[in-house]
Amino acid sequence: MTSILELPEREALSLTDIDASFVKTVLTPYRESCRYLKKAYFQQQEDLGIQGMLMNGEFSIPESCYIDDTGHFNAVEYNICYNQIAYVHLGYCIKNGLIPELGDYDPDLFFEKQLSNFLIANLNSGFQSLINAKRFYGTFGIHTVKKRPAVCF
């Protein structure tokens with residue numbers, strides 16, 4: 001399902017509900033109890049290029065995968081949620097040919113190389129208030145893309 005929102009003085013914003021089966025396929029490498037991304041929505045504002053492509057997600061962490069309940073959201077689960085929404089974003093962009101630098105990938109190759117060929121080189125997080133781990137929302141986007149030759153060992 002796609003909808004359009006009108007933004008003042010900018011092009012229309014397109015929102016696409018990501019098919020639940022696609023999200024489930026992308027999250028296949030995760031243990032069932034660690035699949036925290038429940039729904040995803042792709043947002044595109046074409047006049048902004050790659051920076052106008054965002055993946056919005058609804059998350060739920062019913063139980064921590066590694067520690068007793070701390071009573072609050074923590075950094076380990078943040079990293080897992082970040083990875084999940086990033087993979088869904090990249091998979092969707094590859095499936096729809098939205099990032100030219102990833103043109104060497106098709107959906108089959110993405111799923112084959114999902115864990116080995118995508119690296120998060122830097123991750124920083126900060127929280128201004130407590131987050132209810134049972135239900136929260138997040139957004140992932142890409143600021144810049146750099147394509148480098150593959151390194152073989």
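**View 1. Helices α2 and α3 at the lining of the largest pocket.** In this predicted model, α2 (75-95) and α3 (107-113) each supply at least two residues of the lining of the largest pocket. Helices are DSSP runs of H or I with at least four residues, strands are E runs of at least two, and both are numbered from the N terminus. With five residues, α2 gives the most to this lining. The largest pocket has a volume of about 1,400 Å³. Among the 30 residues that line it, L102, N117, F118, L119 and K146 are the closest to its centre. A pocket is an open set of points on a 1 Å grid over the protein atoms alone where a 1.4 Å probe fits, with protein on both sides within 12 Å along at least five of seven lines; lining residues have an atom within 4 Å of a point. Volume is the space filled by probe spheres set on the points, which are joined across faces, edges and corners.

**View 2. Strand β4 between its partners.** Seven bridges join strand β3 (residues 37-44) to β4, and the two run antiparallel. Six bridges join β4 to strand β5 (residues 136-141), again antiparallel. Strands pair if DSSP finds at least two bridges between them. L54 is the bridge partner of Q43; in β5, L54 has G141 as its partner. Six of the seven residues of β4 (residues 53-59) are buried, so the strand is largely enclosed by the rest of the structure. Buried means under 20% relative accessible area (1.4 Å probe, protein chains only).

**View 3. The stacked pair F59 and F136.** The ring centres of F59 and F136 lie 5.2 Å apart, with 10 degrees between the planes. The pair links distant parts of the chain, with F59 in strand β4 and F136 in strand β5, 77 residues apart. F59 is buried at 4% relative accessible area. F136 is buried too, at 10%. Rings of Phe, Tyr and Trp (its six-membered ring) pair if their centres lie within 6.5 Å; planes under 30 degrees apart are stacked, over 60 edge-to-face, the rest tilted.

**View 4. The aromatic cluster around Y105 and F118.** F22, Y105, F110, F111 and F118 form one aromatic cluster. Y105 and F118 are both buried. K95 lies over the face of F22, 4.8 Å from the ring centre. For this contact, NZ of Lys or CZ of Arg must be within 6 Å of the ring centre and within 35 degrees of the ring normal.

**Notes.** Residues are numbered from 1 along each chain as its sequence is written, and side-chain values use heavy atoms, without hydrogens or water. Local features need pLDDT of at least 70 and side-chain atom pairs count only at pLDDT 80 or more, while totals for chains, interfaces and linings use all residues.

Key:
Buried means under 20% relative accessible area, exposed over 50%, partly exposed in between (1.4 Å probe, protein chains only).
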